[in-house]
Amino acid sequence: MPALTGDELQTLLSGGESDRVERKRNASDLDRIREAVCAFANDLPDRRQPGVVFIGIEDNGACSNLPITDDLLRLLGSIRDDGALMPFPTIEVRRAIVSGCPVTVVIVQPSTNPPIRCRGRAWIRVGPRRGIASPDDERRLVEKRRWGNLPFDAQPVIGSTLADIDIGRFKLEYLPALVSADTIAQNQRTDTDQMRALRLVDLDDVPSFTAIVMLGKSPQNWFPGAVIAWRRVAGNELTAPTVDERTLTGIIPDQLRRVDDVMSAANASAIAMGRQHIAGRLTTRWKHSNNSSATR
């Protein structure tokens, strides 16, 4: 995720404390800062954007003129892996000047493996409030983790969009093959919602690997090696001269259909050549037999 710019930090700070912002006068209470980091990493509101702890800002938003020393930066950086937060969150600690005020910012990325716990407790943030997650909150966090720990074929293809998917093929071929006609008739969800339910797109509507190779308009733009290469040689060794070769592209179902066509054509050609060879041998033998009879 790209680093937050100075303008973005300014915008966040000017909006006051929220589910993405906490202000601290100094770093005297590291446990409070750890709890804030834990809450931002858990990202219960599902913003999927980094949260920021501004250290050097009073509760009312005024500058506390806190000296930003290397020791302070090292101290704040150590909270990531000092054992209080498990599993380790992803954080960035750096100096910044926001509205003319020198501050230390602790930028916390949303975790793909929630819940994150601080000393055994999962902290969350809803608006400016920070608190301990309830059992229902923890269930929501676990569900988010399932989305974050998907197998490779369900992982999003970063950079792709719904425009890369053949929606018509999804509706006419893919969906009917997986869902009964009665269910489809009763289902009032949009095409995107249906693809999301089938894990073809993620929560940001980014297509998965499966969606690209099964329904993509140009799968090889994303996976150049997702092809079937076919080669026929004149002999029993791979080093023999090539008689024919093809590279089959497109989505997987189309490639498999073309494989059948290519193999059928190749077999038919081989059978025809074999028949010609046999016919040639029979003709030669017949001529030889006739010549022998004439001699006798």
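## Terms and basis of the model

A residue is called buried when its relative accessible area is under 20%, exposed when that area is over 50%, and partly exposed in between, using a 1.4 Å probe and protein chains only. With a relative accessible area of 13%, Ala96 is therefore buried.

This is a predicted model, in which local features need pLDDT of at least 70, side-chain atom pairs count only at pLDDT 80 or more, and totals for chains, interfaces and linings use all residues. Residues are numbered from 1 along each chain as its sequence is written, and side-chain values use heavy atoms, with hydrogens and water left out.

## The chain as a whole

The chain holds 10 helices and 10 strands. These elements are DSSP runs numbered from the N terminus, with at least four residues (H or I) for a helix and at least two (E) for a strand. Of the 296 residues, 35% count as buried.

The accessible surface of the chain is about 17100 Å², and carbon and sulfur atoms hold 52% of it; such areas come from the Shrake-Rupley method with a 1.4 Å probe, and for residues only the protein chains shown count as cover. Contact means heavy atoms within 4.5 Å. Among contacts in the chain with a separation of 6 or more, 65% are between residues 24 or more positions apart.

## An open sheet of four strands

An open sheet is formed by 4 strands in the order S1-S2-S5-S4, with mixed pairing. Two strands pair if DSSP finds at least two bridges between them. Strand S1 (21-24) and strand S4 (91-98) are the edge strands, each pairing on one side only. On average, neighbouring strands are turned by 25° against each other, direction ignored. Axes here are lines fitted to C-alpha atoms, for helices over the stretch in contact, and angles run from 0 to 180 degrees between N-to-C directions.

S1 and S2 are parallel and share 4 bridges, with Val21 having Val52 in S2 as its bridge partner. S2 and S5 run antiparallel and are joined by 5 bridges; here Phe54 stands opposite Val105 in S5. The pairing of S4 with S5 is also antiparallel, over 8 bridges, and Val93 stands opposite Val106 in S5.

## Cover on the strands

In a regular strand, side chains alternate between the two faces of the sheet. S1 is covered on both faces: Val21 and Arg23 on one side, and Glu22 and Lys24 on the other, are all buried. S5 has 7 of its 8 residues buried, so this strand is largely enclosed by the rest of the structure. Helix H3 lies across S2, S4 and S5, and runs at about 145° to S4.

S4 and S5 form a hairpin with 2 residues between them, and Ser99 in the turn has a positive phi of about 55°. Ala96 belongs to strand S4. Apart from neighbours within four places in sequence, Ala96 is in contact with Leu9, Cys101, Pro102, Val103 and Val105. Leu9 is 87 residues away from Ala96 along the chain, yet their C-alpha atoms are separated by 8.8 Å.

## Two nonpolar cores

A nonpolar core is a set of buried Ala, Val, Leu, Ile, Met, Phe, Trp, Tyr and Cys residues joined through side-chain atoms within 4.5 Å. The largest one has 24 residues, of which Ile33, Val37, Ile55, Leu76, Val106 and Val108 touch the most other members. Helix H2 (30-42), strand S2 (51-55), helix H3 (70-77) and strand S5 (101-108) each give two or more residues to this core. H2 supplies the largest share, 8 residues. A second, separate core of 14 residues includes Leu4, Leu13, Ile57 and Ile107.

Leaving aside neighbours within four places in sequence, Leu76 is in contact with Ala27, Leu30, Ile33, Ile55, Ile91, Val93, Thr104 and Val106.

## A buried glutamine

Gln220 is found in helix H9 (residues 219-222). At 19% relative accessibility, Gln220 counts as buried. A polar atom of the Gln220 side chain lies 2.6 Å from the backbone oxygen of Ala226. Beyond neighbours within four places in sequence, the contacts of Gln220 are Ala226, Val227, Thr249, Gly250 and Gln255.

How values were computed:
Polar contact = N/O pair within 3.5 Å; in protein donor to acceptor, adjacent residues only side chain to side chain.
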